[in-house]
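Here is a short briefing on one model. Look at the sequence and structure first, then read the points below.

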Amino acid sequence: TNTATYKRGAFILFEGCDRTGKSTQANKLFEYLQSTGHSVKLWKFPDRTTPIGQTINAYLTNNQELDDKAIHLLFSANRWESLPKLKNLLLGGTTLIVDRYAYSGVSYSVAKGLDLDWCRCPDIGLLRPDIIIFMDLSIEESEKRGGFGEERYEKKNFQEKVCKSFSQLKQKDDDDSLWKFLDAKQSVERLHEQIVKISLDLIENCSQLPLKEDLWK
Ligand code: TMP
Ligand code: MG
């Protein structure tokens, strides 16, 4: 067959609480892969550029109030609306580096007291990442990094709950081999080296595999 020549991109996801270095590492990985000739794209959720994303932004910046379940569904809709684009990129051989996804979606809402199984429902059937690089850092350490900002959720008490719901979610995940916990206390450079190695192996290994449109199925 000619499937041997088919190469798709890898879906590399960064997850974790606020101020754990996700964006820093996602950017560094993007620059590295781009400079070494890979076809690669950086994508961030929430995508605040769409109409749904603008409502999410108004909510996060405390300019709009929304029911907890309503905002949960908007975060999910914000992923569904980008699915066709992300799928085409992966199928066309572009590797995606994604900063937050449905795992943040569930963890932040569970931290507010919503039911975990209810929270997972709207994201069922989305693309499944090929790896979840989880930036693991204690709240004490993340606070030292210049403190939290002004946005909704950037408070110590709440972040503690988010950390707990992330580990609850991982335990309940049918595919917990996807999760790669990294000690985010290490230096930016050391983390970057590990992430590059993991990513290059992954890009090689999943290039022949079909896309997985079965998140939490
Ligand atoms: P950001 O700081 O990465 O831009 O994300 C904004 C906030 O939105 C962050 O506190 C995490 C939260 N969030 C959710 O509550 N649900 C979601 O589905 C996503 C993607 C982010
Ligand atoms: Mg933030």
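**Domain and model**

For "domain: Thymidylate kinase-like", an unreviewed UniProt entry lists residues 14–195. UniProt positions follow the numbering used here, feature names are shortened, and annotations may be inferred rather than shown by experiment. This is a predicted model: local features need pLDDT of at least 70, side-chain atom pairs count only at pLDDT 80 or more, and totals for chains, interfaces and linings use all residues. Residues are numbered from 1 along each chain as its sequence is written, and chains are lettered from A and ligands numbered from 1 in the order in which they are written.

- Over residues 14–195 the chain is 51% helix and 13% strand. Helices (H or I, at least four residues) and strands (E, at least two) are DSSP runs, numbered from the N terminus.
- The end C-alpha atoms of residues 14–195 are 10 Å apart.

- Ala, Val, Leu, Ile, Met, Phe, Trp, Tyr, Cys and Pro count as nonpolar, Asp, Glu, Lys and Arg as charged, and the others, Gly among them, as polar.

**Backbone features in the shell**

- Most residues other than glycine have a negative phi, and most peptide bonds are trans.
- The peptide bond from F45 to P46 is cis, with omega near -5°. P46 is found in the loop between β2 (40–44) and α2 (51–60).
- R100 is not a glycine, yet has a positive phi of about 75°. R100 lies in the loop between β3 (95–99) and α5.

**Packing of α5**

- Helix α3 (residues 68–80) and α5 have axes that come within 10 Å and cross at roughly 175°. Axes are lines fitted to C-alpha atoms, for helices over the stretch in contact, and angles run from 0 to 180 degrees between N-to-C directions.
- That makes α3 roughly antiparallel to α5. Angles under 35 degrees count as roughly parallel, over 145 as roughly antiparallel, 65 to 115 as roughly perpendicular and the rest as oblique.
- D68, H72, F75, S76 and R79 in α3 meet A102, G105 and S109 in α5. Contact requires C-beta atoms, placed from the backbone, within 7 Å.
- The contact of α3 with α5 divides into two nonpolar, four polar and two charged residues.
- α5 and helix α8 (residues 156–172) pack at about 125°, with their axes 8 Å apart. The two are therefore oblique to each other.
- On the α5 side, Y103, V106, S107, Y108, V110 and A111 meet F158, K161, V162, S165, F166, Q168 and L169 in α8. This contact has nine nonpolar, three polar and one charged residues.

**Packing of α1 on α9**

- Helix α1 (residues 22–35) and helix α9 (residues 188–206) pack at an angle of about 55°, with axes 10 Å apart. α1 and α9 are therefore oblique to each other.
- T24, Q25, K28, L29 and Y32 in α1 meet V188, L191, H192, I195, V196 and S199 in α9. By class, six are nonpolar, four polar and one charged.

Notes. Two residues are in contact if their C-beta atoms, placed from the backbone, lie within 7 Å.
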